[in-house]
Amino acid sequence: MLRDGTVFDDEHLPREIVGRNSQMNEVTDALAPIEDGVRAENCFLFGPSGAGKTTVARAAVRELRREVLDVPTAYVNCWKDYTRSGVLERTAKNLVGAAIPKNAPARDVIDTLQTELDSPSVLIIDEVDQLQDPDTLYDLHSIRGLAWICIANREVDLLARLDDRTHSRVSVGYRVQFDRYTADTVTEILDRRASHGLEQGAVQRETLRRIAELVDGDARRAITALRVAARKADHEGLSTIPERLVEDSVLSAEAEVRQKTISKLNHHQRVLYECIERWGPLIQKELYDRYESEHPDPITLRALRKSHLPKLEHYNLITTERGADGKTYELAESSGTPVGTD
Ligand SMILES: Nc1ncnc2c1ncn2[C@@H]1O[C@H](COP(=O)(O)OP(=O)(O)OP(=O)(O)O)[C@@H](O)[C@H]1O
Ligand SMILES: [Mg+2]
């Protein structure tokens, strides 16, 4: 049944980007000046999980590289590289191939980038709201010819953390908003994946539609569910995915996506998650008290509220509710229930 399992990988960059023409156009417009040898415009991509932000950023850069073969481009994910030196080192390594000595001062890395980069370049800064020191953007802004595509869930999570000096410099740029996909678009995305990844006739369009209706506009969940369903059908010796496997597959896919997300959490986020898992629902003060006693090096509630708690919410790990006692935090239930069709 599975013809090419790699097309279901999260890192797989599809040949066609479905239903994101206006976002693709905005990002490619921002990058267009590079075709004339000029620095591109910065852009910011915002939107919920699984809405295609990383995919559109990578596809726009792929398109640019078709026009300008040797444009230096790089990708950094701030969930993994969240310190100032981590981001700067990864950028120097990927953009100019510089070998950076361990623990090199940030100033030296910036100098290397400034001297070695002699043409316009593009940096994708994914999960930028996870940057420990958002002023790192100020450093990157000072590099000649460098334009970025910054990706975050919500604009406030990013810009509210910048100091005035950084804010006024770095907040200029295109804003590109991504909404949840409609069930129609998710169906179309699944259809293309199926035709590349599954044997012909392995799945009916109605079955894809059914998956699409259950994933709340999240393409990642949908694609994972299709792979799970194909495996289950294979296991039963079937050559077509029956609709009865869909609900279970969506639930398994949610659990799989959740496990992967949990494995990426940083220590603060993990402790918060575990406190909510063990003792939730918790009001903010209770949560903070628990966190403080569990974490060896706790940060302030304000800092947690600015970046770590929203991240848990964004990835559908927790839900919050505002009541008379302020916010209450609770583990998100797996949905797997139908949403309105469009
Ligand atoms: N328009 C699209 N066409 C084809 N595939 C898509 C599209 N949008 C998303 N996908 C696929 O869905 C998955 C999730 O997309 P992506 O990683 O771009 O989401 P995201 O918005 O960056 O989410 P997150 O905020 O969780 O990082 C990927 O496997 C991607 O290939
Ligand atoms: Mg992403």
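**Note on the ligand 1 site**

1. An oxygen atom of ligand 1 lies 3.2 Å from a polar backbone atom of Ala51, a polar contact being a pair of N or O atoms within 3.5 Å. The model is predicted, so local features need pLDDT of at least 70, side-chain atom pairs count only at pLDDT 80 or more, and totals for chains, interfaces and linings use all residues. Residues are numbered from 1 along each chain as its sequence is written, chains are lettered from A and ligands numbered from 1 in the order in which they are written, and side-chain values use heavy atoms, without hydrogens and water.

2. The shell around ligand 1 holds 23 residues (a heavy atom within 4 Å). Val18, Ser49, Lys53, Thr55 and Tyr181 come nearest. By class, ten are nonpolar, seven polar and six charged; Tyr and Ala count as nonpolar, and Gly as polar.

3. Domain 1 (20–177) and domain 2 (183–261) both contribute to this shell, so ligand 1 lies between them. The C-alpha centres of these two domains are 33 Å apart. The chain also has domain 3 (265–331); the bounds come from an automatic or database domain assignment.

Technical notes:
Polar contact = N/O pair within 3.5 Å; in protein donor to acceptor, adjacent residues only side chain to side chain.
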